[in-house]
Amino acid sequence: MIVALAGGVGAAKFLQGLVRAIDPAEITVIVNTGDDITLYGLHISPDLDSVTYTLADANDSDRGWGLAHETFRCLEHLARYPVPSWFQLGDGDLATHLFRTSRLAEGARLSEVTAEIAEAWGVGARILPMTDDKVTTRVVIEEAGTGRGMDLHFQEYFVERQAQDPVREINYEGVEVADPAPGVIDAIESADGIILCPSNPVASIGPILAIDGIREALQQFSNKVVAISPLIRDAPVKGPADRMMPAAGLEVSAAGIADAYRDFIHTLVIDFADESKVPEIEALEVEAAPAQTLMRGVPQAKALAKTVLRLLEP
Ligand code: FO1
């Protein structure tokens, strides 16, 4: 069994390659839910949905999130009313949120509903939320003009304000009382290999590691944990990692990624373009494995997955 820790877009792209490199039934994906947001009373789990839709080959690969061939008629009508409409919820995507929300209202756990949604989409890999409890990634920004701190939901920072504000602090609200979802610790303990997908270490992987017991479980098995850097030439392929990492005390570089995970990974896969960083990474007692990490399409994602699987061979 291979376990992957995943955030949104970058992770989903990599997983599209992983399911083509090994039998999807051999894969468990543990997904960040710190980005989850409630809008119009609907429970939206962007990273769970990005992973599910992508593994079902139903995602919009240009946008990186949501469904292909999506329409936004409901959102157009919602804009008539005094409700926020900055989060682009597609009509097809809304069906997922309606189903998830109604099942949660009936008393189902998020992990149960996630499995039901994955099955409905014909996804062969097991998808687990990091927790069934409510954990919310909050970003304290510095408000332009006043210089005052402003505490925002991650999606308000990232989507509504386009990640333009200087970031002071990131908090995972609710994490102190959250437990790993059923199956998460078991999956880590029984895995043949564990992969940290190329995701934002602060917004995507950080919340997963902050859940009680997950980082500790990984530390026990560091000989079987490999991470993939989401940065190339000190910049993220997509998303706000460069704007968030300094606030978490991390340098925006492959070495900064190694630093974030140094207590539980044995190897960090970095891009060939970052080969000059190898000594810095190895000084942190992390092995560095240069590869082509930019995934323009499924063939590159599969090649990267095969490279990582080779690194995990005993
Ligand atoms: N990202 C955006 O940049 N703009 C959007 O309007 C947006 C809507 C959206 C709706 C559903 C969904 O599952 C994801 C959506 N995302 C959108 C992506 C999401 O904000 C991020 O990709 C993740 O939260 C970060 O991993």
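How many salt bridges are counted between domain 2 and domain 3? The count is zero. The legends below treat this predicted model view by view.

**View 1. The whole protein chain, with its helices and strands.** The predicted chain holds 13 helices and 14 strands. Its radius of gyration is 19 Å, close to the 20 Å that the globule rule gives for 314 residues, so the chain is as compact as a globular protein of that length. The C-alpha trace spans about 55 × 50 × 40 Å along its principal axes.

**View 2. Three assigned domains along the protein chain.** Domain 1 covers 35–129. Domain 2 covers 136–176, and domain 3 runs over 177–312. The centres of domain 2 and domain 3, taken over C-alpha atoms, lie 24 Å apart. Their contact draws 15 residues from domain 2 and 13 residues from domain 3.

**View 3. The area buried between domain 2 and domain 3.** About 1100 Å² is buried here. Carbon and sulfur atoms give 67% of that area. On the domain 2 side, look for Ile170, Tyr172 and Val175. These residues supply 41% of the area that domain 2 buries against domain 3, more than any other three residues.

**View 4. Polar contacts between domain 2 and domain 3, and the elements on the domain 2 side.** Six residue pairs are in polar contact across this boundary, both partners at pLDDT 80 or more. Salt bridges between the two domains number zero. Three elements of domain 2 each supply at least two residues to the side that touches domain 3: β6 (136–142), α6 (154–160) and β8 (167–173). The largest share, five residues, comes from β8. By class, the residues of this side divide into nine nonpolar, three polar and three charged.

**View 5. A salt bridge between Asp132 and Arg109.** Side chains of opposite charge can pair when their charged atoms come close. In this pair, the closest N and O atoms of Asp132 and Arg109 are 3.8 Å apart. Asp132 sits in the loop between β5 (126–129) and β6. Arg109 sits in the loop between α4 (91–105) and α5 (110–120). The two residues are 23 residues apart, and the pair links distant parts of the chain. The structure holds 15 salt bridges.

How values were computed
Residues are numbered from 1 along each chain as its sequence is written. This is a predicted model: local features need pLDDT of at least 70, side-chain atom pairs count only at pLDDT 80 or more; totals for chains, interfaces and linings use all residues. Side-chain values use heavy atoms; hydrogens and water are left out. Domain bounds come from an automatic or database domain assignment. Contact means heavy atoms within 4.5 Å. Buried area is the accessible area (1.4 Å probe) that two parts lose on being put together, summed over both. A salt bridge is a side-chain nitrogen of Lys or Arg within 4 Å of a carboxyl oxygen of Asp or Glu. A polar contact is a pair of N or O atoms within 3.5 Å; within protein, one must be able to donate a hydrogen and the other to accept it, and residues adjacent in sequence count only if both atoms are side-chain atoms. Helices (H or I, at least four residues) and strands (E, at least two) are DSSP runs, numbered from the N terminus. Ala, Val, Leu, Ile, Met, Phe, Trp, Tyr, Cys and Pro count as nonpolar, Asp, Glu, Lys and Arg as charged, and the others, Gly among them, as polar. The radius of gyration is taken over C-alpha atoms; the globule rule is 2.2 Å times the number of residues to the power 0.38.
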